[in-house]
Amino acid sequence: MNNIYGFGILLLTLTTSYVGAEPIGKIQTEKAHKLKLPPCRACKIFVDSFHKGMERTAKFKFEGGDAAWEEKNLGSYANSEVRFVEVQEKLCSEVVEGKDQCYQLIEEYEETLEAWWKDKQKEEPDLAKYICIDKFKVCCPEKHFGKDCTPCQGYPDQICNKNGKCKGSGTRKGNGKCLCDAGYSGDYCDSCADGFYESYKDENKILCSPCHPSCDGKCSKEGPTGCKSCKNGYLSSKDRGCTDVNECLMGHKCNPTQFCVNSAGSYSCLDCHPSCVGCSGDSPEECIECAPGYRKMDTICVDENEEARKQQISFARYLTYFGLCVSTCIILQKNVSIAAVLGVCVGIYITLAEYFAFSSDFPKDDLKEQLSDKLKQAFGTQ
């Protein structure tokens, strides 16, 4: 009874904790709804939501049964007040980021939006321009910035020499300075940044390409010969520019159980095979000395216990072969034909067994099948 009572308390506690805890996804969604967006972005989201409402109602029509009468007396549904109301009913409902702010804009923009719907659609088809730029002045046209919508440097076709973006473009904020793309620098993105060189230039365009990896920041052309200075791990050569230093040949030592591997501008230490104490590579053939429990056999460090076990297995195998041969000769010494057949079978068995014993890729089950087939063939020729 006490166990049941205790289990009930535990279950009640877990249930209460689960019910009281809000799912993480719901919390994140609510935070996104309450997010305060910049005025221009919020206005564009509002307009985008209105356009989605127009797409949703594009194939709608009046609910009455006499379409001709409705078109004649009520006008086209496409520009009707009924459609405008249906669009407004779900306005901002699909918005995630800044949803609360979008709902606030409905009340703020309502009269202007209704005036556009009734009288300005044909005259001002671009709703974002009409609402966000012309009427409420929270945005600027593209490639313009600031409270007066000043054209960006290089407007219209050479903004930041086509190598960057104008800060504040499309909004009533920003100072119009260039935010350069990777590899470019300068007030107008008209020069190459550190780590890049000028690979092409004409009166309208400059192209900057990355320096060779061996260069320490600055270069004048492509390749290691274009470096003005070399990174650590490289040496400067008159003919070849910055060349890699082989640290493994320069006295850089690894732990006794590791070997050195050179790489571009650096090196790394990798573990030797477990059979090695010191090595030049990761295989047992590249050991300098064998680890305890291993010994040198030809050029390979082998496990002493494993080799002893292999020798025992080999001895037992050869002894079995010898016993088969002797048994065949003794038991069947009076019948030469049967002895010959069994002798062939024993010979086939020994040949296949030795062949497959040294073939590590051959499955044991296939060995049994091969032996069985060969013995059947031998007896079949009797």
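Q: Leaving aside neighbours within four places in sequence, what is I131 in contact with?
A: I131 is in contact with C43, Y109, T112, L113, F136 and K137, once those neighbours are set aside. Keep in mind that this is a predicted model.

Q: OK. And which residues have the most contacts inside the largest nonpolar core?
A: F46, F50, L113 and I131. That core has 27 residues.

Q: Which helices each supply at least two residues of this core?
A: α3 (39–56), α5 (81–89), α6 (99–120) and α7 (127–135) each do.

Q: What other core lies apart from it?
A: There's another one of 10 residues, and F145, C152, Y184 and I206 are among them.

Q: Back to the helices. At what angle do α3 and α7 pack?
A: About 150°, and their axes are 10 Å apart. Angles over 145 degrees count as roughly antiparallel, so α3 is roughly antiparallel to α7. The crossing of these two is right-handed.

Q: Which residues make the contact there?
A: From α3 you have C43, K44, V47, F50 and H51, and from α7 there are L127, A128, I131 and C132.

Q: How do the axes of α6 and α7 cross?
A: At roughly 135°, coming within 11 Å. That makes α6 oblique to α7. The crossing of α6 and α7 is right-handed.

Q: Changing topic: in what sense do β15 and β16 pair?
A: Antiparallel, over four bridges, with β15 covering residues 294–297 and β16 covering 300–303.

Q: What stands opposite K296?
A: That's C301 in β16.

Q: How many residues are between the strands in that hairpin of β15 and β16?
A: Two. D298 in this hairpin takes a positive phi near 60°.

Q: Last one, D148. Where does D148 lie?
A: In the loop between β1 (144–145) and β2 (150–151).

Q: Does D148 count as buried or exposed?
A: Exposed, because its relative accessibility is 61% and the cut-off for exposed is over 50%.

Q: How are D148 and R172 separated?
A: Their C-alpha atoms are 7.4 Å apart, with the two residues 24 residues apart along the chain.

Notes:
Residues numbered from 1 in each chain as written. Predicted model: local features only at pLDDT ≥ 70, side-chain atom pairs only at ≥ 80, totals over all residues. Heavy atoms only, no water. Core = buried A, V, L, I, M, F, W, Y, C linked by side-chain atoms within 4.5 Å. Buried < 20%, exposed > 50% of the residue type's maximum accessible area, 1.4 Å probe, protein only. Contact = heavy atoms within 4.5 Å. Pairing = 2+ DSSP bridges. Axes fitted to C-alpha atoms, helices over the stretch in contact; angles between N-to-C directions. Parallel < 35°, antiparallel > 145°, perpendicular 65-115°, else oblique. Left-handed = near helix turned anticlockwise from the far one by under 90°.
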